[in-house]
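Dear colleague,

Here is the structure I said I would pass on. Please have it open while you read the notes under it.

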Amino acid sequence: MKKVKIGIIGAGRIGKIHADNLLRLPETEIVAVSDLFAGPELQAWASERGIAIVTTDSNEVIANPEIDAIFICSSTDTHVPLIKQAAEAGKHIFCEKPVSMDIRQTEEALEAVRKAGVKLQIGFNRRFDHNFKRVREHVQGGLIGEPHIVKITSRDPNPPHPDYIKVSGGIFMDMMIHDFDMARFLSGSEVEEVHAIGNVLINPVFAEHGDVDTAIVTLQFANGALGVIDNSRQAVYGYDQRVEVFGSKGSTAASNDHPTTVEISTADGITRDKPLHFFLERYNAAYVEETQMFIDCIVNDKPLPVEGNDGLQAERIALAAKLSSQLGRPVKVSEALNLLIQPLRSE
């Protein structure tokens, strides 16, 4: 079998995770890795894994005729130009979320992919989580009847570094965008309207960058269902990731994953392990599966499980949420782009 040859752009934490997962697959070979700060440390890391080419120039990766697919794991501001270049070069593309901070730029990237006839998968890894997949199966199978309420909780154990906060795009685009995608994934419906509120309750550094660290968003879906998402940048007990879909015939829910299921019961109370600490532990298997699925879709020319349009729709919801928070009123997803173009004013 001919191996799918891979180039990776961006060798930070997530790029290295994808690289190690790709190395597990017998049908893939990593040909090259690029990173703006590539040096002896990255050279040594690549050498240990049999990756021959390490460069600071992403163009070398994209132009390499051996390479079939590109993993874009660099900063968000580079995604659109890299997608366009990779598409024009005829490479299949895996891109981390979000595609961009600008819906119009995202649409341009998706159009380049469409014209080139290549595949583009977006890195919404939570769709591949074993718990959330089962919830979706229950909803799709009709076990809970018609969905009425979708509830999603997503809370990080610790706030990000201040240097990251200023370039993150804000809580709705950076953190809650995963939950917006999960809302579409679990409900099987598009989001039509959002109402977002947020405050700075953890660290004033968020306010310095026009962001919040605690937020709640309510959703109205096209199928009539309602949704609630809550986010916090700091849950002192660990990484809190839960979902529930309540319907006409019942409900289905997924709780947190824990290191063990052991409980200790004494006269002083009942204790158990905290939730898995952060996304690397919680979603490790999901990262593996999303990589496997992407490669399988290339090898067997299958439809992708997460396409560019999924990234676009999540960005549209995120923009509506950001505007709703600023305006202090519900915002329809369909009006968000027009509101962005117009001067913002509270009503």
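Predicted model: local features only at pLDDT ≥ 70, side-chain atom pairs only at ≥ 80, totals over all residues.

Seven strands form an open sheet with mixed pairing, in the order β12-β11-β7-β10-β9-β8-β15. Its edges are β12 (250-254) and β15 (331-332), each of which pairs on one side only. Within the sheet, β7 (residues 147-155) runs parallel to β10 (residues 226-232), and seven bridges link the two.

Helix α9 (residues 177-187) lies across β7, β9 (214-221), β10 and β11, and runs at about 150° to β7.

Helix α13. This helix covers residues 308-327. At 1.5 Å a residue, its 20 residues should span 28 Å, and the end C-alpha atoms are 29 Å apart, so the two values agree. Of the 20 residues in α13, 15 are buried, so the helix is mostly covered. After α13 comes Gly328, with a positive phi near 75°.

Ser34. This residue lies in strand β2 (residues 28-34). Ser34 has a relative accessible area of 2%, and because the cut-off for buried is under 20%, it counts as buried. Beyond its neighbours within four places in sequence, Ser34 is in contact with Ile8, Ile9, Gly10, Ala11, Thr55, Asp57, Ser58 and Val61.

Regards

Notes
Residues numbered from 1 in each chain as written. Heavy atoms only, no water. Helix = DSSP H or I, 4+ residues; strand = E, 2+ residues; numbered from the N terminus. Expected span 1.5 Å × (residues − 1). Buried < 20%, exposed > 50% of the residue type's maximum accessible area, 1.4 Å probe, protein only. Contact = heavy atoms within 4.5 Å. Pairing = 2+ DSSP bridges. Axes fitted to C-alpha atoms, helices over the stretch in contact; angles between N-to-C directions.
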